[in-house]
Amino acid sequence: HMIKDFNELNKKLIKCKKCKRLVSFRTKIAKEKRRQYYNETYWGKPVPGYGDINAHLLIIGLAPAAHGGNRTGRVFTGDRSADFLFKCLYNANFSNQPNSDYKNDGLILYNAYLTPALKCVPPEDKPTREELITCFSYLRSEFYLLYKINVILALGKIAFDACLNFYKQDYDIKRKDFVFKHAAEYLLPDNKILIGSYHPSPRNVNTGRIDVKKMVTLLKEVKKIIER
């Protein structure tokens, strides 16, 4: 049965309990909480993607953050990676505001859809191969529903690799043809363009591996490719 819309997909996704390890980890975090969020009710479930369903750009992250998406129920929301990413998306005109704090904060994405390759937070940010493959059924439905996507921006090497592993299910592609580098561009077998980006993590931002200027430059380049 092919899923007919995002409403149906996300309803199904939110109830998912396929990966025992992930279910127990996301629940544990939602109970134990971080002190600064002690009075909040954590989401503690799989986190769906969000954005413009007629988008030409798909931005893929690895997984929800423990005290970001797993707390707020929206990917790249309520953590420092989100703060950095949305400052940049706003600068490049992909969003209506420079912040992504919680689910009903009025955020709108323009011509972009944002989703995690893995919909649940994994221990130490390290999903197993099996967990990713299990979760790819949801990603497959997203690809099917987001039929206008022609560019995929992968945030970080693990998201980039996950995207290639997703494609390997249907196409005979060689990993050595897709080397992860910031701003590296590749043509995928279905004619979509895959672009790598350093992850907007505090560590990468603090070490200067990525900064607002570098990220905005890449996003503006992405915009040109979409418009081509």
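**A positive surface patch and the overall fold**

In this predicted model, a patch of positive charge on the surface is formed by Lys-126, Arg-203, Arg-209 and Lys-214. Of these residues, Arg-203 is located in helix H7, which comprises residues 202-206. The relative accessibility of Arg-203 is 67%, and because residues with over 50% relative accessible area are classed as exposed, Arg-203 falls into the exposed class.

Although Glu-130 and Cys-19 are 111 residues apart along the chain, their C-alpha atoms are separated by 8.8 Å in the model.

With regard to the overall architecture, the protein contains 8 helices and 6 strands, and these elements follow one another from the N terminus in the order α-α-β-β-α-α-β-α-β-α-β-β-α-α. The radius of gyration of the protein is 17 Å, close to the 17 Å that the globule rule gives for 228 residues, so the protein is as compact as a globular protein of that length. The C-alpha trace spans about 45 × 40 × 30 Å along the principal axes of the protein, and buried residues account for 53% of the 228 residues.

How values were computed:
Residues are numbered from 1 along each chain as its sequence is written. This is a predicted model: local features need pLDDT of at least 70, side-chain atom pairs count only at pLDDT 80 or more; totals for chains, interfaces and linings use all residues. Side-chain values use heavy atoms; hydrogens and water are left out. Patches are made of residues with over 30% relative accessible area and no salt bridge: like charges are joined within 9 Å, nonpolar side chains (Val, Leu, Ile, Met, Phe, Trp, Tyr) within 5 Å. Accessible areas come from the Shrake-Rupley method with a 1.4 Å probe; for residues, only the protein chains shown count as cover. A salt bridge is a side-chain nitrogen of Lys or Arg within 4 Å of a carboxyl oxygen of Asp or Glu. Lys and Arg count as positive and Asp and Glu as negative; His and the chain ends are not counted. The place of a charge is taken as NZ of Lys, CZ of Arg, CG of Asp or CD of Glu. Helices (H or I, at least four residues) and strands (E, at least two) are DSSP runs, numbered from the N terminus. Buried means under 20% relative accessible area, exposed over 50%, partly exposed in between (1.4 Å probe, protein chains only). The radius of gyration is taken over C-alpha atoms; the globule rule is 2.2 Å times the number of residues to the power 0.38.
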